[in-house]
Amino acid sequence: MLLAIDIGGTFIKWAVSQEYSLTDARGKVPTPQDSFDSLVEAIAQIAEAIPEQVEGVAVSLPGTVDAATGLIVQGGALQYANGHNLVDALRDRLNLPSSIQNDARCAALAEVALGELKGCTDGVMVVIGTGVGGAVVSGGRLVTGASGAAGELSMLAVRPLRQEGMAGLLGNRSGMRGLLAHAAEVLGRDGLTGEELIALVESGDEKATEALDEALADLADALLSLQFLLDPQRFVIGGGISADATYMAHLVKAYENAFATLPFQAPHAEVVAARFRNDANLLGAVVHYGTASR
């Protein structure tokens, strides 16, 4: 058995896995916000509290990582992790082997092994969370790039950066934080949740629908660019919002509208919801553990 860990900016989710199946032994704890040592200790406390005997720890986490060595190059939402080696730290603390991989790549690995990217030679995983995570699959394998940053979709510029700065990046426009902030401004209400926004759209609220479609138009434009750059067979949309049929219908419509603006017909990938959704990072971490050298 393995202990699968999914480190997020707010919570650490965990589950015990038996081969490629997550068991009912699972839970979550707050993600430490102060230091890398606190993060390691939080993971260790999870491992020591569960009754199952585990043989290793499979970790999914944000940011840019060197999966071969265990080094966190930059920790995304957890900047205190920059430059630390999590594999070495967990081995020292728990005397267990471990593996780490970027969270969006874990989601892609889960979908390649068992989900919507299985049998797909070329595809792109798009994870809608606070920002927009991503992973590229070519020839059935993850593309990591020269510095390990391939697939960082949040950093795609969808508006002129010289005028809009960081607000012009895809992650800040089409991630849930940016989408909800924009929708709240349009609707004149604070603390809007994703569920509330979708409910308003489904009720026919024109302003809510406009706010959603504006964010999805930016995402669709990015997918169009990726289509011609990478020529994938399938875009797989992950993150909790991908389970919502209304969100997915509006995204597919925005994607088709983007291609309809071209003066020629172009073949393009289909856009589908991920199969494993909120479990994708955990399951993908397990898949990665099976192929990683420790």
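Q: Which elements do the buried residues of α1 pack against?
A: In this predicted model, local features need pLDDT of at least 70, side-chain atom pairs count only at pLDDT 80 or more, and totals for chains, interfaces and linings use all residues. Residues are numbered from 1 along each chain as its sequence is written, and side-chain values use heavy atoms, with hydrogens and water left out. Helices (H or I, at least four residues) and strands (E, at least two) are DSSP runs numbered from the N terminus, and contact means heavy atoms within 4.5 Å. The partners of the buried α1 residues are β1 (2–7), β2 (11–18), β3 (21–30), β4 (56–61), β6 (71–74) and α2 (86–94).

Q: Which residues of α1 are buried?
A: Buried means under 20% relative accessible area, exposed over 50%, and partly exposed in between (1.4 Å probe, protein chains only). In α1, the buried residues are F36, L39, V40, A42, I43, A44, I46 and A47.

Q: Which residue in β6 stands opposite D66?
A: Strand β5 (residues 64–66) pairs with β6 in the antiparallel sense over three bridges; pairing requires at least two DSSP bridges between two strands. Four residues lie between the strands of this hairpin, where G70 takes a positive phi near 95 degrees. Opposite D66 stands L71.

Q: Which residues in α8 (residues 206–230) do L197, I198, L200 and V201 in α7 meet?
A: Helices α7 (residues 194–202) and α8 pack at an angle of about 120 degrees, with their axes 7 Å apart; axes are lines fitted to C-alpha atoms over the stretch in contact, and angles run from 0 to 180 degrees between N-to-C directions. The α7 residues L197, I198, L200 and V201 meet, in α8, A208, T209 and L212.
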